[in-house]
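Look over the model shown below before reading on.

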Amino acid sequence: MVPGQAVLEGLAPAAGTGAQRAPVVEARDLSLIFQTPDAPVTALSDINLTIRRGDFVSLIGPSGCGKTTLMRVVADLARQTSGTLLVNGGSAEQARLDRAYGYVFQAPALYPWRSIERNIMLPLEIMGMSKAERRERAARYLDLVGLKGFERKFPWQLSGGMQQRVSIARALSFEPALLLMDEPFGALDEITRDNLNVHLLRLWEKTGITVIFVTHSIPEAVFLSSKIVVMSPRPGRILEVIDSDLPTDRDLDARETPEFLEIAHRVRVALRAGHSYD
Ligand SMILES: Nc1ncnc2c1ncn2[C@@H]1O[C@H](COP(=O)(O)OP(=O)(O)OP(=O)(O)O)[C@@H](O)[C@H]1O
């Protein structure tokens, strides 16, 4: 699967390196407590995290540790109980209103009665974009995810992996600078998942988009990320942030290299440490 050769106008590689790159997400002492009929549930506790433009950040941790909740706070779908969160230097609400991010869910969530092209065009229509531009964007981003020629098909005519690529194309069609992906490949078989991992990595390399990616898989997190955020069991805290400097043009064979295995080992040790409740 080779990514399309679409020219990306709205997305461009991040300028600057390391700490020079502008912060996209800044969480300071962020906590979130859900009030439930039984007892308050502390989902996030004292999260401090800076994500810079062009980072590929994976959130990894045991089930229920608050990964989705943290993404939802960034997306302004949930609000922290205390602490601060800046997205692009402003509030999460402003970022949502500015359509600063695209959100890819675990399931593709496509409308079965609309063609692939019309699924992608729907949110653009709601944004008030002209039909010609909507069509052009749909074609451009379908090409980018390797689905050129599938415009007139319906979701049920595509495999699960292809449907998930459509939902990635839909999220990218807004040309957001930030892509939020909540276990997007969790329900797919391993070969398809490997393919989509390579595809996503190429897309990231080509566009310089900032990605926050939730996963349970250590190999997936290490393969994709420039930064791996290891979270503890509930209440979700950040145990460790592991930077990766694997070459950006890596392919699946990189998973056999000592550098890859060393980072995977560090993630595993951090996850394990979070499970010892002493
Ligand atoms: N609306 C809510 N009301 C009450 N508790 C909630 C709510 N949403 C999430 N929680 C609780 O907050 C904690 C964190 O949930 P969250 O979905 O963020 O975890 P997660 O790390 O994404 O889990 P998973 O990996 O299983 O998807 C869990 O204990 C969950 O039960």
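Five of the five residues of strand 3 are buried, so strand 3 is largely enclosed by the rest of the structure. Here a residue is buried if 20 or more other C-beta atoms lie within 10 Å of its own, exposed if 12 or fewer, and partly exposed in between, with C-beta atoms placed from the backbone. Helices (H or I, at least four residues) and strands (E, at least two) are DSSP runs, numbered from the N terminus. This is a predicted model, in which local features need pLDDT of at least 70 and side-chain atom pairs count only at pLDDT 80 or more, while totals for chains, interfaces and linings use all residues. Residues are numbered from 1 along each chain as its sequence is written.

In a regular strand the side chains alternate between the two faces of the sheet. Strand 3 is covered on both faces: Phe56, Ser58 and Ile60 on one side are buried, and so are Val57 and Leu59 on the other.

Which strands lie beside strand 3 can be read from its bridges; two strands pair if DSSP finds at least two bridges between them. Strand 3 runs parallel to strand 7 (residues 210-215), and five bridges join the two. Within this pairing, Ser58 stands opposite Phe213 of strand 7. Strand 3 (residues 56-60) also runs parallel to strand 8, to which four bridges join it. Val57 has Lys227 as its bridge partner in strand 8, and Ser58 has Ile228.

Strand 8 itself (residues 227-231) has four of its five residues buried, so strand 8 is largely enclosed by the rest of the structure. With strand 9 (residues 238-243), strand 8 pairs in the antiparallel sense over five bridges. Ile228 is bridged to Ile242 in strand 9.

Most residues other than glycine have a negative phi, and most peptide bonds are trans. Asp46, in strand 2, has a positive phi, near 50 degrees. Asp46 counts as partly exposed, with 15 C-beta neighbours inside 10 Å. Asn88 also has a positive phi, near 55 degrees, and is placed in the loop between strand 4 (82-87) and helix 2 (92-97). Asn88 counts as buried, with 20 C-beta neighbours inside 10 Å.

Another loop residue is Gly146, found between helix 4 (131-144) and helix 5 (160-172). Gly146 is buried, with 20 other C-beta atoms within 10 Å. From the C-alpha atom of Gly146 to that of Leu224, 78 residues apart along the chain, the separation is 19 Å.

The next topic is the ligand. Of the 13 residues around the ligand, Phe34, Ala43, Ser63, Thr68 and Thr69 come nearest; a residue is near a molecule or strand if its C-beta atom, placed from the backbone, lies within 6 Å of it. Strand 2 (41-52) and helix 1 (67-74) each supply at least two residues of this shell. Helix 1 gives the most, with three residues. By type, the shell residues divide into four nonpolar, seven polar and two charged. In this grouping Ala, Val, Leu, Ile, Met, Phe, Trp, Tyr, Cys and Pro count as nonpolar, Asp, Glu, Lys and Arg as charged, and the others, Gly among them, as polar.

Last comes the chain as a whole. The chain has eight helices and nine strands. Its radius of gyration is 19 Å, close to the 19 Å that the globule rule gives for 278 residues, so the chain is as compact as a globular protein of that length. The radius is taken over C-alpha atoms, and the rule is 2.2 Å times the number of residues to the power 0.38. Along its principal axes the C-alpha trace spans about 60 × 45 × 40 Å. Buried residues make up 41% of the 278 residues.
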